[in-house]
Amino acid sequence: MSADIDMAHYSRKPFWDRALPYLIIAPALLLTIGILVPFVTAIYYSLTNFSFLRNTYRFIWFRNWTRMFASGEFWDSVWDSAGMTFWSPAFAVILGLAIGMVYAGKSSRSAWTALIFAFLFAWLHNWIVAFGNGEFWHAAWVTAKYAFWSTGMEMALGLGIGLLICKRTNWFTSTLRVVLVFPLMIAPVIATLIWQLMTNTSVGILEKFLNLFGVFGFPWAASQTTALFTAVLIDVWVNTPFIIVLVVAGINSLPKSPFEAAQVDGASAWFTFKNLTMPMLKPFLYIALIFRLMAAMQEYAIIYALTKGGPGDTLMNLSLTAYNKGFYYKRFAEGVPYILFLWLIIFFISKKLVANWLQVQKTASGR
Amino acid sequence: MRRGIFEPAFRYAALIVWALFALFPLLWMVIISFKSDAEVFTTTFWFSPTLGNYEAVFKTDYFKYFLDNLIISGCAVLVSVAVGVPAAYALARYQFRGKEDLAFQILSFKFAPEILVVLPVFMIFQWIGLYDTHLGLIWVYQLITMPLLIWVLRGYFEDISVEVEQAAMLDGYKWYQIFLRILLPLIKPGLVSSALLTFIFAWNTFTFPLILAGFKVQPVTVAALRYLASDTVHYGQMAVAAAVTALPEVVLALLIQKHLVRGLSFGAVKG
């Protein structure tokens, strides 16, 4: 019928109507993209030998990149790597297993996937130790450890404390809800400053506290073995409230009736938690995970303020290594690949996690 | 169900331990800030409070750094509000191609490693003369303030039904009148609280000013580090520097209690 054709004609909006939303957003995008243009120049510089020490620079293609991943002897020794043994520290295996399990759980593949991942990680770790550019792989390893421990601890503690706070509502828990947020509002640098006051061996209260238990001179950030722990502790102090806040909001938004039904049926606390609370909380936990993981992977402020990456290179993660190479050693172009690599990883993980989150949110709201 | 007194006791014990962990460092900071240099070493909780540290810190340029931070963060939030509110509205109301991609792109600015932004911007700012200026920092801070404002406000705009606007249009309001007289008052609580939260985030920024600010402009977060680096052990002054920077934020946090969850989760959680 002709009426249909007319409708089709009229439903096409005029140009200005279509362009309007883009025009409204344009200023915001221009302001932010204006800042991100440098990102393209960053890629360009990563292919040169630009440095603040020289006046001129030239194009050296991918040499900065290959140097980052592998040491000088790398290309000679590629062929020797076939005979590597499968030894590696337990952590690499555990990390591989964890990733494998998440992966297997998501795509409902068999547990073999987890094992394969564990072996892959073990092998990779070994390979890196033998042939990689120590600095880069060390930085990547520190980044992974820091992100794993801080995000993991924050998620566990945040969930626990959040659940405890929501169990009862009285003056104590309602006050806690308000005051526990305080550390989150404080700048990470300032938080580090505060913790320096706490952990200082001569004026810090923690030294006196530990003395009660017979521990004297706990080195905190000054020792290679406890530096990561100290940095993670500060990160946990600052950021756990973020997870608590999300968990509390999540629990408050849960519908009451399924829980009443479970109670009537005599379900155990664990059963209720596992089958009701957790699935419905999942979207909230995903948001927490996304924000924390992305921030922990590029943490700079806390580590810089605490030890500047030291002692030695104990806390040199990718962000600090890139900063050091670029500004401390003034070899600008050499530092850029480190941070571009980190950005690539963050980009893919965030994209995947956001997709997962949308999926989980759909499931939780029963659509 | 069988419930002894142990379970609630354990629960409260756990909460109290956590509360101590979370709040004691702040208390310790305040305590040290009132101790004289000698008493810092010799006393724990009982001491004769003194204001000497505060006097010493305010005699330095610390107040100027404080002001710098206030100017940069404040202006950054104002720019973000001016530009971000319309953008949030467009992302909430209109259907257009690439909408979600665009929104995610804006969010991804938040995830970009700060050092990645800073490395090239450092050189470009030196070329175009924005290095070590308020304007330059305000511009870079947009990467922190803009994504948060746009995503949070988008949620608030989505909560307002289209009928409100259509009714206003029928009553003969112009589009800008609708925006200013109807929509803005409706989102005002959300706007104010999210602006305050972005202000806190901007205030807390460290990496950007560390590299892009020099001697002329220096926010307090960077300036505070000096108390760490110096070899003199004026722990009391260090505590004052931390307290003066941290406590305003605690007050702001109390003001925006109700909207905090929503802001912190970029509007994903409507708490």
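The legends below describe close-up views of a predicted model.

**View 1. Overall content of chain A.**
Chain A has 17 helices and 0 strands. Of its 367 residues, 38% are buried. When contacts in chain A are taken between residues at least 6 apart in sequence, 71% of them join residues at least 24 apart.

**View 2. The contact between chain A and chain B.**
Chain B brings 73 residues to this contact, and chain A brings 68 residues. On the side of chain B that touches chain A, the element that gives the most is helix H1 (residues 6–33) of chain B, with 12 residues. By class, that side of chain B is made up of 59 nonpolar, 11 polar and 3 charged residues.

**View 3. Helices H1(B) and H13(B) in chain B.**
Two packed helices are described by the angle between their axes and the distance between the axes. For H1(B) and helix H13 (residues 235–255) of chain B, the axes come within 7 Å and cross at roughly 130°. The crossing of H1(B) past H13(B) is left-handed. From H1(B), the residues in the contact are Met29(B), Val30(B), Ile32(B) and Ser33(B). They meet Tyr235(B), Gly236(B), Ala239(B), Val240(B), Ala242(B) and Ala243(B) of H13(B). This contact of H1(B) with H13(B) holds 8 nonpolar and 2 polar residues, and no charged residues.

**View 4. Helix H10 of chain A and its surroundings.**
Helix H10 (residues 188–199) of chain A has 12 residues, which at 1.5 Å a residue should span 16 Å. The C-alpha atoms at its ends are 16 Å apart, in agreement with that expectation. How many residues of H10(A) are buried? The count is 12 of the 12, so H10(A) is largely enclosed by the rest of the structure. Among these buried residues are Val189(A), Ile190(A), Leu193(A), Ile194(A), Gln196(A), Leu197(A) and Met198(A).

**View 5. Packing of H10(A) on H12(A).**
H10(A) packs with helix H12 (residues 227–252) of chain A at an angle of about 120°, and their axes are 10 Å apart. The pair is therefore oblique. H10(A) passes H12(A) in a right-handed crossing. On the H10(A) side, the contact is made by Pro188(A), Ala191(A), Thr192(A), Trp195(A) and Thr199(A). On the H12(A) side, the residues are Thr230(A), Ile234(A), Trp237(A) and Val238(A). By class, the contact of H10(A) with H12(A) has 6 nonpolar residues, 3 polar residues and no charged ones.

**View 6. Ile302(A) in helix H15 of chain A.**
Ile302(A) belongs to helix H15 of chain A. With 27 other C-beta atoms within 10 Å, Ile302(A) is buried. Which residues does Ile302(A) contact, leaving aside its neighbours within four places in sequence? They are Pro188(A), Thr192(A), Ala231(A), Ile234(A) and Asp235(A). Of these, Pro188(A) and Thr192(A) also take part from H10(A) in the contact with H12(A), and Ile234(A) takes part from H12(A). Asn170(A), by contrast, is 132 residues from Ile302(A) in sequence and 35 Å away in space, C-alpha to C-alpha.

**View 7. Lys282(A) in helix H14 of chain A.**
Lys282(A) lies in helix H14 (residues 269–297) of chain A. Is Lys282(A) buried or partly exposed? Lys282(A) has 19 other C-beta atoms within 10 Å and is partly exposed, because a buried residue needs 20 or more. Apart from neighbours within four places in sequence, its contacts are Val360(A) and Ala364(A). Thr363(A) is 81 residues from Lys282(A) along the chain, and their C-alpha atoms are separated by 9.6 Å.

**View 8. Two loop residues with positive phi.**
Most residues other than glycine have a negative phi. Lys308(A) has a positive phi, near 60°. Lys308(A) sits in the loop between helix H15 (301–306) and helix H16 (318–328) of chain A. Lys308(A) counts as partly exposed, with 15 C-beta neighbours inside 10 Å. In chain B, Asp132(B) has a positive phi of about 60° and is not a glycine. The loop that holds Asp132(B) runs between helix H6 (114–128) and helix H7 (134–159) of chain B. With 17 C-beta neighbours inside 10 Å, Asp132(B) counts as partly exposed.

Technical notes:
Residues numbered from 1 in each chain as written. Chains lettered and ligands numbered in written order. Predicted model: local features only at pLDDT ≥ 70, side-chain atom pairs only at ≥ 80, totals over all residues. Contact = placed C-beta atoms within 7 Å. Helix = DSSP H or I, 4+ residues; strand = E, 2+ residues; numbered from the N terminus. Nonpolar A, V, L, I, M, F, W, Y, C, P; charged D, E, K, R; others polar. Axes fitted to C-alpha atoms, helices over the stretch in contact; angles between N-to-C directions. Left-handed = near helix turned anticlockwise from the far one by under 90°. Expected span 1.5 Å × (residues − 1). Parallel < 35°, antiparallel > 145°, perpendicular 65-115°, else oblique.
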